[in-house]
Protein chains: 2
Amino acid sequence: VSFATSKISECARLALAHDAPVVLQYGPSGGYPPLRAHIAQSLGVHESQVIIGQGSLQLLDSLIRVMLSPGDVVFIEEPTYDRTLTLFRRAGANVVGIPLQPDGPDLDLINLHLQQGVRPKLFYVIPDFQNPSGVVMSAQKRQALVDLARKYGFQIVEDSPYRLLRFHGSDLPSIFSMAPDLVIHMSSYSKLIAPGLRVGWMASPTSTMQALLKFCEDTYINPSYFNQALVLEFIQQGWLEENISILKELYRPRLEAMLASLSENMEPPAVWSKPDGGFFVSLELNKPVQVPELFTRAKQAGLILTDGRGFFASGKGDSFIRLPFCALEPAEISEGIARLAKII
Amino acid sequence: VSFATSKISECARLALAHDAPVVLQYGPSGGYPPLRAHIAQSLGVHESQVIIGQGSLQLLDSLIRVMLSPGDVVFIEEPTYDRTLTLFRRAGANVVGIPLQPDGPDLDLINLHLQQGVRPKLFYVIPDFQNPSGVVMSAQKRQALVDLARKYGFQIVEDSPYRLLRFHGSDLPSIFSMAPDLVIHMSSYSKLIAPGLRVGWMASPTSTMQALLKFCEDTYINPSYFNQALVLEFIQQGWLEENISILKELYRPRLEAMLASLSENMEPPAVWSKPDGGFFVSLELNKPVQVPELFTRAKQAGLILTDGRGFFASGKGDSFIRLPFCALEPAEISEGIARLAKII
């Protein structure tokens with residue numbers, strides 16, 4: 001990964017030059033007000049509906065503590081982001097996995113659960129270039145989820161850190177834009193500028209946000225405005241758009257190399273996702289796998305795999321392989337997939 | 001408050017110039033390794049016993065989540081830091097207040113509780129220039145607490161953000177230095193450089209720290225190394241010591257003005273603390289006070305008071321007034337105390 005270090009350094013200087021007394025002092029828990037206002041404006045909501053924190057995961061943890069009690073039902077896509085699964089489990093939630101299809105979660109199964117009386121408080125989804133699968137949820141499924149949320153009274157948590165990293169095709173509307181009264185939207189500058197800044201954000205309906213702001217103030221007073229002011233300078237210099245373009249140019253050939261080498265090397269019954277952006281392609285081997293042995297062989301072949309079972313709510317995922325393509329050169333990717341094909 | 005803005009800006013530049021690939025990337029939850037090592041060395045412990053976070057309050061919240069279950073007994077000094085009280089209550093702890101005397105918490109009462117079978121998991125203390133009272137715990141009471149902790153099997157949480165801001169006299173040993181196997185020590189750069197950097201830290205025995213590091217990784221992956229690397233540069237330039245000297249020179253006359261105007265304006269039965277440093281003097285009116293009326297009169301006199309009851313575990317504090325002296329000029333302090341004397 002290459003960071004825009006000199007630009008980031010310049011933005012740190014500008015942030016202090018422009019607003020040191022605010023940036024270096026305590027302040028409200030919602031985050032650096034001008035960045036809050038910028039994010040709110042980009043979403044078309046009031047800035048009081050936005051909170052910025054030390055990465056979006058920390059905000060999700062706080063949201064969970066505000067909204068969920070032990071035993072509350074939460075729907076997740078299966079597979080889903082393993083760190084989120086950890087947070088839901090830690091909160092004692094009753095996590096119900098909804099299998100992910102190539103166009104999003106299995107609507108029939110969601111309907112079945114709801115018709116049987118299962119009542120989730122939250123449905124956590126990553127609709128754009130999902131982690132770990134790479135799947136993009138279709139516009140139809142986005143609308144269907146909103147309709148179900150309205151009918152059955154649950155909220156949707158839409159986690160969108162990869163949304164702006166689309167290399168081909170056009171954006172689908174965010175779920176938040178379709179129903180801002182039902183959806184908690186979260187994103188981050190980690191994938192767009194640098195993770196080490198730890199600047200993520202969340203937008204939500206007002207009542208949830210009021211509780212969240214108070215909870216976060218009680219927990220850590222406020223996040224660092226310095227990093228947030230730096231991000232705002234980066235945006236105002238026009239460097240965020242520029243950086244996103246640079247990243248797309250960097251990642252697109254890596255995705256292409258990944259998809260090409262999967263086509264060359266993998267055979268049925270294996271299938272894989274074919275995303276137009278993001279960080280991940282996923283490979284489903286569709287055959288029984290002995291995970292410890294697979295990992296041993298992978299290690300011998302110089303490959304580091306993430307245990308696929310960590311992305312599933314329970315008992316599945318042994319034949320699921322997440323393939324992150326952004327941190328490797330195309331040649332490394334081709335070589336890695338060729339080696340992987342040999343050991344599976 | 002005046003911040004060392006240009007030095008902070010220079011340190012931001014240096015942090016990125018020296019270590020951008022580490023500073024801008026994800027990393028272990030314990031914090032920026034070189035700052036961790038620096039703090040550990042200053043305490044004489046292994047760096048694996050130190051965690052740096054987004055302010056020390058956030059680390060305390062995480063510690064509470066790792067260590068306490070609802071109903072667990074926690075001892076606190078009474079009065080104590082109101083934000084800590086909020087965290088203990090939120091965790092469902094059974095908070096037992098131990099009245100603070102001019103040399104620290106009431107040992108007789110602690111002994112009485114312990115002899116009656118009350119078993120705290122934690123005793124939270126601020127031994128140096130306590131918030132809100134200004135009290136410094138005597139060396140004898142520090143040792144007595146350590147002895148009791150060892151005998152009855154509880155841990156001491158020593159919160160020390162003001163320790164280095166001593167204007168007169170000599171330091172007493174930290175409780176941590178007396179029993180690093182029993183004490184969780186926490187501090188911060190908020191009062192020494194700038195709160196907005198949100199860099200606080202905690203040191204603890206190894207077993208507690210292992211659980212805490214895992215918990216924090218699950219919650220927010222890692223804190224911002226950028227701010228932490230900036231702090232380390234500030235230290236390495238010699239600017240932390242210099243800044244502490246500047247702050248002492250700035251705050252000392254403010255404390256003196258506070259104590260002088262209390263002597264001039266207040267009469268028995270009112271008593272007040274006479275600290276040698278820190279941020280706070282406290283005034284105990286020792287007479288019944290109608291809080292809403294006092295606040296109304298204070299507001300009319302242009303004074304902003306913090307509700308003293310927030311610093312007490314239950315039902316007390318209406319005649320307790322915290323007097324922060326660091327953010328006001330000596331003349332403002334004298335004028336304020338004169339006005340306060342008239343309305344009480």
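Between them, chain A and chain B bury about 3700 Å², and 55% of this area is on carbon and sulfur atoms. The model is a predicted one. The size of an interface is often given in this way, as the accessible area lost when the parts come together. On the side of chain A, the residues that lose the most area to chain B are Leu24(A), Gln54(A) and Arg198(A), which together account for 17% of what that side buries. Counted by contact, the interface takes 44 residues from chain A and 44 residues from chain B.

The same surface serves both copies, since 100% of the contact residues of chain A recur in chain B.

Four salt bridges are found between chain A and chain B. In a salt bridge with an N to O distance of 2.9 Å, the side chain of Arg65(A) meets that of Asp61(B). Over all chains, the count of salt bridges comes to 36. Another pair, this one within chain A, is formed by the side chains of Asp128(A) and Arg142(A), also at 2.9 Å from N to O. Asp128(A) lies in the loop between β5 (120–125) and α6 (139–152) of chain A and Arg142(A) in helix α6 of chain A, so this pair ties together parts that are 14 residues apart in sequence.

Rolling a probe the size of a water molecule over the atoms shows where empty space is left. The structure holds four cavities of 30 Å³ or more. Of the 18 residues that line the largest cavity, Gln54(A), Ser224(A), Gln54(B), Ser224(B) and Asn227(B) are the closest to its centre. The elements that give two or more residues to this lining are α9 (225–236) of chain A and α9 (225–236) of chain B. By class, the lining of the largest cavity has 10 polar, six nonpolar and two charged residues.

The second largest cavity has a volume of about 80 Å³. It is lined by 13 residues, and those nearest its centre are Gln58(A), Asp61(A), Thr219(A), Asp61(B) and Thr219(B). Two or more residues of this lining come from each of α3 (56–67) and α8 (206–220) of chain A, and likewise from α3 (56–67) and α8 (206–220) of chain B. The lining of the second largest cavity divides into seven polar, four charged and two nonpolar residues. Asp61(B), listed near the centre of this cavity, is also the partner of Arg65(A) in the salt bridge described above.

Last, the backbone. Most residues other than glycine have a negative phi, and most peptide bonds are trans. Where are the cis bonds described here? In chain A, a cis peptide bond joins Glu78(A) and Pro79(A), with omega about 10°. Pro79(A) is in the loop between β2 (73–78) and α4 (82–90) of chain A. In chain B, the bond from Glu78(B) to Pro79(B) is cis, with omega near 5°, and Pro79(B) is in the loop between β2 (73–78) and α4 (82–90) of chain B. Arg198(A) is not a glycine, yet has a positive phi of about 50°. Arg198(A) is in the loop between β7 (183–188) and β8 (200–203) of chain A, and is one of the residues of chain A that lose the most area to chain B.

Definitions and conventions
Residues are numbered from 1 along each chain as its sequence is written. Chains are lettered from A and ligands numbered from 1 in the order in which they are written. This is a predicted model: local features need pLDDT of at least 70, side-chain atom pairs count only at pLDDT 80 or more; totals for chains, interfaces and linings use all residues. Side-chain values use heavy atoms; hydrogens and water are left out. On a 1 Å grid over the protein atoms alone, a cavity is a set of points where a 1.4 Å probe fits but cannot get out, and a pocket is an open set with protein on both sides within 12 Å along at least five of seven lines; lining residues have an atom within 4 Å of a point. Grid points are joined across faces, edges and corners, and a volume is the space filled by probe spheres set on the points. Helices (H or I, at least four residues) and strands (E, at least two) are DSSP runs, numbered from the N terminus. Ala, Val, Leu, Ile, Met, Phe, Trp, Tyr, Cys and Pro count as nonpolar, Asp, Glu, Lys and Arg as charged, and the others, Gly among them, as polar. Contact means heavy atoms within 4.5 Å. Buried area is the accessible area (1.4 Å probe) that two parts lose on being put together, summed over both.
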